[in-house]
Each structure stands twice: as C-alpha cells, then as structure tokens.
Amino acid sequence: MTTEPDSSAQSAEQRGAASATVPPTDDPVGAPASGPTSTGSDQPDHDPVAFTRPAPTTTGKAAVGKADVAFKNLTRAAGLGLLALIVAIALFLVLRATHALGENDGNFLSTQEWFPNQDPPKFGVAALLFGTIVTAAIAMIIAMPVAVGIALFITVYAPRRLSSPLGYIVDLLAAVPSVVYGLWGLLVLAPHMKGIQLWLSDYLGWIPLFSADSVGRSFFVAGVVLAIMILPIVAALSREVFLQVPTAHREAALALGATRWEMIRTAVLPYGKPGVISASMLGLGRAMGETIAVALVLPASFKISWNWLEPAGNTIAANVANGWGEANDIGRGALIASGLVLFVVTMIVNIIARAIVARRRDFSGSSA
Amino acid sequence: MATRIEVTGLTAYYGKFKAVSDVNLTIEPKHVTAFIGPSGCGKSTVLRTLNRMHEVLPGARVEGSVLLDGEDLYGAGMDPVNVRRTVGMVFQRPNPFPTMSIYENVIAGLKLNGIRKKALLDERVEESLRGANLWDEVKDRLNRPGAGLSGGQQQRLCIARAIAVEPQVLLMDEPCSALDPISTLAIEDLINKLKSSFTIVIVTHNMQQASRVSDSTAFFSLEKTGDPGRLVEFDKTSKIFTNPTEKRTEDYVSGRFG
Amino acid sequence: MSTATVPEPTVPGPATPGEDRLNLRGEILPRFVPPVVAAGSLVVALLIYLLTPMDSEIQIVLMAALIFVVAMTAISTRVEGRRRARDRFATTLVYGTFLLALIPLIAVLASVISKGAGRLDISFLTHSMNGIGARDSGGGIYHAIIGTVEQVLIASAIAVPFGLLVAIYLVEYGRGRISRTISFFVDVLTGLPSIIAGLFVLAFWILALGQGFSGFAGSLALVVLMIPTVVRSAEEMLKLVPNELREAGYALGVPKWRTILRVVVPTALPGIVTGVMLAVARVSGETAPVLLTVFGTNLINANPFSGEQSSLPLYIYSQAGQPQQFAIDRAWAAALVLIIIIMVLNLIARLFAGRNRLK
C-alpha cells in the first residue's frame with residue numbers, strides 16, 4: 001500500500017486530536033499478556049492488561065531497560081512466529097504429500113487423471129492446474145478493467161454526494177462471502193449464461209477457444225462467477241488507493257491543461273499503480289484459491305480442455321472440496337500435494353507482484 | 001507577448017458560500033501583481049478563477065468576467081483545458097508528480113499536447129529548467145525522481161513544468177510558504193527574471209515578499225468570518241506600502257491587524 | 001511564442017486571425033448531443049434486432065452501447081478534436097463499466113433477499129437439522145450459527161493479539177532483513193488461498209497430531225486467514241500515529257514499550273478495531289477451510305473442542321449441493337442470514353471507523 005505524504009492540515013489535525021488522548025504517564029503498567037485491543041474497547045485510559053511485572057517509572061534504568069527488551073522480544077517472537085507459521089504450512093503440506101507422491105503411478109505434474117483412491121493410485125495435477133489458471137485468468141481479464149473503472153467512477157467521475165455511499169456499497173459487496181456468489185452462480189447465473197455462450201460460439205467459434213459442441217457449466221461460466229466475486233474486493237481496494245492521490249497532483253495535471261482523462265493518466269493511475277497491482281494480486285489469489293464457487297459450478301472433469309465454453313474442467317481448490325470426502329489416506333495426501341502446488345503458484349504470483357511494485361519504488365509517492 | 005488580464009464584477013462561490021464578491025482589477029502584462037490580505041479573504045480564490053481552476057472543486061462557480069487580452073475566459077465556447085494551458089499555475093506546496101523523473105515532470109504538459117519528438121523535448125527541458133534556474137543543479141540527474149529534490153528545487157521544478165508549455169500568464173499561489181528563506185530568495189530572483197516573459201500574479205502572505213517582487217499589489221480583506229472577501233485597494237506596490245488610500249490597507253501593511 | 005530564457009519575447013507566432021489570438025476557444029459539443037446519440041444508437045440497435053436474426057435482448061443493449069461509443073467518438077473527434085474525443089471515450093467506458101458491474105452485483109443481493117426471505121422464520125433460526133430427511137421441508141440453522149460464532153470467536157481470540165504484536169514489531173521495532181521478510185510473508189499470507197489454510201490444519205492438526213474434526217480445528221484454519229488482515233490494518237493505523245506523540249512519550253522519560261502500549265496503540269485503536277471487524281466479517285464467510293476441518297454435522301454441538309460442528313457457510317454449501325428444492329430454499333435462507341450477520345459486522349466496523357481520530 002502506498003501511504004500518502006499527507007497535507008499539513010491533516011497532520012496538524014492528527015497532532016491536535018491525538019495529543020488529547022495522551023494518557024497520564026505516572027501509573028504503573030506491566031507487560032501485556034494479550035493485546036489490549038482484543039477487547040475492542042475504546043477507552044484508551046482504561047488498561048485491561050494483566051500485570052506480569054509492575055515497573056514503576058521511579059525504579060532504576062535497568063528495570064525499565066529489561067521491560068523494554070522483554071516487550072521488544074515478545075513482539076519479535078510474534079513476528080518470528082509468523083515466519084514459523086509459513087514454514088509449518090509448507091512443511092506439513094510437503095510431509096503429507098510425500099507419501100502419496102511416492103505411491104503415485106503417474107507423473108504428478110503431467111498426468112491429467114485423478115485416481116488416487118484406486119490401487120495402484122494414479123493421479124496428476126496437470127488438468128487441475130490448467131483449470132485453475134484458466135478460470136483465474138478469465139476472471140482477471142474481466143474483473144480488472146471493470147474494477148478499475150468502478151474505482152475511477154467513484155473517486156473521479158461520480159458527483160460528490162454519490163461517491164461516498166457508492167464506496168460504502170462496494171465495501172459491503174466485497175464482504176459478501178464467496179459461498180453466496182457460488183450459490184448464485186450455480187442457481188441463477190449458469191442458466192442465464194447459455195445465451196451468451198451460444199452467441200460467443202456462433203460468432204467467435206472460428207477462434208478455437210470459443211468453439212463448442214455444446215455449452216454449459218464451463219470454464220467461461222466459472223471465470224465469470226469468479227470475476228463477479230473478486231470485482232468488489234479489487235474495486236474497493238483500488239478505490240482506497242485512488243482516494244489517496246493527493247489533490248495537489250490532480251490539480252497540477254489540470255493546471256497544465258489536461259482533460260479529465262489525461263489528468264487520470266498523468267496523476268491518478270501512475271500514483272495508484274502499485275496499490276492497484278497489490279489489489280489485483282489479492283484478487284488473483286482469491287480467484288485461484290476459490291473453492292466453493294467453482295466447486296458448485298464446474299462439472300469436475302479431469303481433462304485439459306481448450307474449448308472454454310464446453311462443460312468441462314476442474315480446479316485444484318474445487319477438487320479438494322469435491323474429492324476429499326471420499327478420499328482414503330493416499331487420496332488425502334494427493335489432495336494435499338495438489339494444494340502444495342497451488343501454494344507455490346500463489347507464492348510465485350506474489351513475488352512477481354512484489355517485484356513489479358518494488359521496481360519503481362523510487363518513484364512511488366510513498367514516503368516510506 | 002504577455003497578456004493583460006481584466007477582471008470585472010467577479011464573484012466566486014463554494015456551493016452556497018460566497019467567497020469573494022465583486023472584484024474589479026486590471027493586471028498589466030509583464031508585471032508582477034501581488035495579492036495580499038488576511039486568511040480567508042479570497043485572494044487564492046480570485047487567483048484560481050484566473051485559469052478556471054476554481055471550478056474544479058465540487059460546487060464551486062463564478063460570476064462576472066475575466067478578460068484575457070479581451071477574451072472572456074468564462075464566455076461561451078471557451079475551453080477550460082485551453083485556458084489552463086495559456087494561464088499556468090504554481091501551487092502552494094511543491095507538487096511534482098511523484099511517479100515521474102525530473103525530465104518527465106517538465107515534459108508532462110508537452111506530452112499532453114502531443115509533442116513526442118525527442119530532440120524537441122530535450123531542447124524544451126533544458127530551456128525550461130534554465131528558465132527556472134534549476135538546470136545547473138539537476139542536469140546530471142534528469143532521470144532521477146522529481147520528488148527526491150529539496151523543497152525549493154521541487155518548487156522550481158514545478159515552475160519549469162508550468163513554463164514548459166509556454167503559457168502567457170503564470171499564477172503563483174503562495175509559492176514560498178513551504179520553503180526556507182534561502183529557497184524563497186531563489187524563487188524571488190526567479191520571479192524577477194520571469195516577468196520579462198510572463199504576466200505574473202502571486203498570492204503571498206508575506207508582505208516583505210510582496211514589496212520585494214511585485215509592481216502592483218491588490219489588498220483583499222473581509223469584514224468578519226463568513227462574509228465574502230472584497231478587494232479593498234489595488235495600486236502600485238510602492239503606493240500600497242508607503243501611502244495607501246484606505247485606512248484598512250494601512251493597518252494591514254503596518255502590521256496593526258491580520 | 002515566448003520562452004523563459006530570452007529576456008525579450010521572441011516574435012509572436014502567426015496569431016490566429018480574429019479575436020481568438022490566445023487560442024482559448026475549443027469546440028465543445030452542446031450538452032444535448034450525448035443523449036441524442038444514445039437514443040439514436042438504441043433505435044439503430046432495435047432496427048438491427050428486428051431486421052436480422054439476433055436472438056437475445058441483451059444483444060440490443062450491447063449493440064446500442066457499441067454504436068454509441070463508435071458514433072460518439074467519431075462525432076467528438078471531428079468536432080472537438082482527438083484529445084477531447086479520447087476524454088469522452090474514457091468517460092463512456094468508465095460509466096459503462098460501472099453500470100455493467102452494478103447488474104450482477106445487485107442481482108446477487110436481490111436473489112439472496114428474494115429467495116431467502118420466504119424461508120427465513122423464527123423456527124429456521126432456532127432448529128437444527130436433527131432428524132430432517134432429504135425430502136423433508138423443515139429444519140434450520142441453529143447448529144450452524146452456534147458453530148460459526150464459536151469458531152470465529154476462538155479464531156479472533158488467537159489471531160488478534162498475535163497479529164497486533166506482529167504489527168507493533170513491524171512498525172515500532174522492525175528494521176532490516178527480518179522485518180522485510182516478515183512483511184513479505186504477511187503479503188504471501190494475504191494472498192493465501194483459504195483452502196490451503198484448511199489443508200494445512202488438516203495435515204498438521206488432524207492427520208499429524210491425530211486430533212479429530214472439531215470447531216477448534218476450524219478456528220485454527222481461520223486464524224491463519226485472519227492474521228494477515230489484522231497485521232496489515234493494525235500496521236497501517238500504527239503508521240498513521242504521528243511521531244511527535246512517540247517523542248513526547250520518550251521526552252517524558254516513559255520507556256518505549258509503555259509509550260507504545262499507553263499512547264500509540266490507544267491512539268490507533270479505533271482504526272485497529274475497524275480492521276479486526278472486517279477480518280472477522282471475512283472469515284465468517286469462509287467455507288473451504290471449515291469444510292476440511294470442522295466436517296459438518298446436522299446436530300447441535302456446542303463444544304468447539306470435540307466432535308464435528310457445523311457452520312453457516314458449510315451449511316449453505318451442503319444444502320446447495322442437494323437436488324431437492326427444500327434444500328435449495330434452506331441454502332438461500334442461510335445465505336441471507338450469513339449476509340445479514342456480515343453486514344452487521346461491517347456496520348459496526350464502520351461505526352468505529354467513523355470515530356476514528358486518525359483517518
């Protein structure tokens with residue numbers, strides 16, 4: 001996220017407002033057993049913290065120093081704990097996957113079939129990974145421009161009176177759980193998508209991707225459901241980023257004789273780019289990892305299909321949801337192995353995004 | 001060929017609030033005209049009406065006319081985009097585009113007008129940066145981010161960016177208020193140099209600055225908070241600061257009020 | 001044109017004849033043009049619809065939109081020039097995408113409300129699925145609500161203090177490589193697909209440690225998902241606390257850790273609470289991790305530490321997968337309840353955001 005080099009008025013207001021909350025400094029406090037914020041209380045002067053060691057300010061420097069070090073170590077332990085968590089996730093996925101992979105009769109990366117429960121087990125992640133990437137890509141292609149459009153509409157185009165309620169609505173839509181989108185995609189959208197899919201296959205059928213013998217619950221439908229699902233979250237985050245573009249930069253562009261669109265291209269989009277990339281990566285992660293909506297829509301077939309309008313395909317996440325109920329030990333290991341692949345792919349995507357954002361850090365208006 | 005500005009019966013609103021009322025003044029070409037007055041007197045608002053930046057704020061509107069060499073900026077068929085290209089502006093806080101290099105900042109306005117030729121752009125960049133007394137300081141690092149310069153350098157970069165599109169008029173809204181005294185001096189020197197090419201209007205809080213850089217001075221004031229600001233007196237700077245006609249002007253320039 | 005360097009202005013360029021010497025004018029299309037073109041496009045699209053074998057009403061709208069964009073751009077380019085035409089084109093696109101996006105998003109809410117409201121009543125909220133057969137119409141979500149509430153509370157109790165400590169470390173102490181690494185992995189966790197969190201707890205808690213399915217296992221999975229959200233929002237808010245406040249604390253001789261706990265965190269508190277509420281709202285709707293760890297049941301199980309539980313998202317998923325209309329109806333009603341819960345959580349978060357002194 002970019003942080004705005006804030007205007008003097010704002011920071012002055014912060015200072016003024018914040019200094020009012022400085023609590024008295026002469027009462028003793030101990031190290032926190034748990035963060036005071038977990039109570040959700042809004043009383044800065046009330047201290048819900050348990051005392052582990054009272055440290056009155058009058059004691060010598062050594063005691064204060066010790067408490068300081070202890071607190072610092074506590075927070076660092078939490079930070080390192082987070083790293084340990086990541087390592088644990090990778091480790092346990094690998095651990096559980098190895099056994100199943102050892103028993104595997106096929107090549108895990110290139111096999112399309114998924115028969116981990118038979119003897120000997122034969123399964124591979126190829127078709128699943130393909131489906132994951134295709135549905136996520138369709139979702140991103142549809143959702144990204146639309147989300148940026150929504151964010152621009154709310155922050156730049158919409159009348160001021162409308163812009164804040166609209167932002168609120170987008171935030172609310174972003175909070176609607178994916179299972180609801182999946183339910184809607186399965187029961188409402190999929191039947192309505194037939195016409196569009198037929199139309200696409202009639203007129204664009206000469207492109208292999210759009211040719212179809214029959215249309216139905218296809219990659220395309222799953223991609224559209226995913227697009228609708230990630231749309232609000234990407235739009236909501238992009239909107240926040242665009243809101244942070246300082247008025248000074250927008251006015252600078254206008255004062256040079258820019259039209260509204262040129263102002264957006266000169267001042268808004270470049271400033272917001274890192275934030276929008278982060279937002280879209282979050283969206284991509286959601287789209288690739290979305291389980292339920294896709295599991296409800298796709299017919300769960302294990303083949304790499306280049307005809308994206310035909311009812312076929314599966315994704316890693318959906319396959320876990322569908323397959324794990326009947327999975328035996330090897331089957332579970334196989335599912336965990338596929339999860340590991342998903343984990344690695346999302347990591348790679350994150351690293352790429354990070355690299356893009358960092359490449360022009362010098363130029364990102366962030367002061368950090 | 002700098003330009004004369006005639007303001008007649010200008011009243012500016014923010015929504016229902018009347019910010020300034022009935023301003024009439026004539027700004028001479030190749031002069032530096034300073035707007036002074038206490039906070040909230042509408043001097044910045046008047047400045048922003050001179051290139052139609054006022055209307056950028058939601059709900060803001062203008063009555064009256066602003067003639068630029070006889071053409072009314074607010075007349076029918078006027079394109080605010082063209083107006084702003086002709087009347088450049090420098091803001092209170094230096095605001096170079098943070099995502100652009102020094103070079104890109106200077107050519108930002110030119111690119112909008114479709115100038116793409118590298119040789120021409122190079123030439124304009126040097127010309128504008130020299131014009132803004134910044135060339136020698138940055139010529140070796142044109143591809144570094146503009147935001148990496150010091151405050152005073154950033155402000156001169158913004159001036160270079162504004163003059164790169166070759167405007168007729170340069171509006172400056174308290175250009176030194178965020179700068180240290182040395183940088184302020186540099187900007188004031190620059191203003192003196194620029195007035196040979198541009199009509200300059202500068203809003204300032206600093207009366208010494210107004211007396212140092214300007215040829216004419218307009219004093220704005222308001223009766224009390226909530227009232228619209230008005231133009232109290234407009235005359236040669238020397239007259240305003242030594243022998244003003246109005247009592248209120250005298251009180252203000254002598255520091256007795258505001 | 002004058003240049004800045006030359007003291008004397010250079011010879012003026014060939015001034016345009018007439019009064020517009022400064023070239024301030026621009027041809028701007030009158031305000032009535034866009035609506036007229038829009039109406040025209042619609043008429044043309046209708047004609048095409050009537051004369052050619054187009055078979056869906058959506059296509060009329062699409063066709064009209066296409067004609068409008070092309071016609072408007074052409075007219076604008078001719079009259080107003082390329083820059084303005086591009087501006088108009090962008091405006092049309094932005095409005096277009098906004099309207100386009102509204103349709104499905106509003107449709108989702110409308111479907112849930114219209115289909116869910118019919119089935120939603122007190123008995124639905126106060127009964128479990130105990131003894132409800134596949135073809136029965138009764139049943140409710142009481143057991144699922146209990147499960148969701150318990151799992152989310154436990155998850156918050158673990159994730160919030162932990163996330164807050166990490167955020168404090170990153171903002172107040174973190175320097176150098178460790179802090180950058182942690183920051184990077186917070187990003188990785190943010191993008192972590194929720195099913196991976198479920199698989200992790202499955203592999204670690206259930207398969208490796210041999211614990212059974214339980215609400216607590218679900219909570220563990222939700223913790224993994226909550227942590228990055230809490231860390232990020234707390235980090236943002238802590239960063240907004242002005243440094244002067246910290247320095248004021250140090251200047252008074254208050255140790256750093258107390259300054260943080262008594263000055264910095266309380267100042268940022270409303271913002272942090274907002275972030276926490278949003279995180280809670282998010283994990284309340286998570287299905288995939290819960291599916292793998294809580295397993296689901298039709299019975300009421302109030303003990304999150306032992307035995308299968310249910311949860312609202314899980315309930316929706318399992319009901320939606322069944323062919324009977326009764327089950328589908330229950331899924332919609334449960335979806336409505338879930339959305340209401342999440343909206344309420346969001347509203348509470350907003351309330352705190354409104355009181356936020358920093359933003």
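Let's begin with B:Ala60. Leaving aside residues up to four places away in sequence, B:Ala60 touches B:Tyr13, B:Tyr14, B:His54 and B:Glu55. Before going further, please keep in mind that this is a predicted model.

Where does B:Ala60 sit? It is found in strand β4 of chain B, which covers residues 60–68. Is B:Ala60 buried, exposed or partly exposed? There are 18 other C-beta atoms within 10 Å of B:Ala60. The cut-off for buried is 20 or more, and that for exposed is 12 or fewer, so B:Ala60 with its 18 counts as partly exposed.

One distance from this residue, for orientation. B:Arg84 lies 24 residues from B:Ala60 in sequence, and the two are 17 Å apart in space, C-alpha to C-alpha.

Now the sheet that β4 belongs to. In chain B, 4 strands make up an open sheet, and their order is β2-β1-β4-β5. The pairing in this sheet is antiparallel. Which strands are at the edges? They are β2 (17–27) and β5 (71–72) of chain B, each of which pairs on one side only.

Take one pair from that sheet. Strand β1 of chain B, residues 5–14, pairs with β2(B) over 7 bridges, in the antiparallel sense. On your screen you can find B:Ile5, which stands opposite B:Ile27 in β2(B).

Moving to chain A. Here we have 11 helices and 2 strands. Reading from the N terminus, the order of elements is α-α-β-β-α-α-α-α-α-α-α-α-α. Chain A has 368 residues, and 52% of them are buried. On contacts, consider those in chain A between residues at least 6 apart in sequence: 68% of these join residues at least 24 apart.

Last, the interface. How many residues of chain A are in contact with chain B? The count is 20 residues of chain A, in contact with 24 residues of chain B. On the chain A side, the elements that give two or more residues are α7 (247–255) and α8 (260–289). Of the elements of chain A, α7(A) gives the most to that side, with 6 residues. Sorted by class, the side of chain A that touches chain B has 10 nonpolar, 6 polar and 4 charged residues.

A remark on convention: interface size is often given as the accessible area lost when the parts come together. What I have given here for the two chains is residue counts, 20 from chain A and 24 from chain B.

That is what I have. I will take questions now.

Definitions and conventions:
Residues numbered from 1 in each chain as written. Chains lettered and ligands numbered in written order. Predicted model: local features only at pLDDT ≥ 70, side-chain atom pairs only at ≥ 80, totals over all residues. Contact = placed C-beta atoms within 7 Å. Nonpolar A, V, L, I, M, F, W, Y, C, P; charged D, E, K, R; others polar. Pairing = 2+ DSSP bridges.
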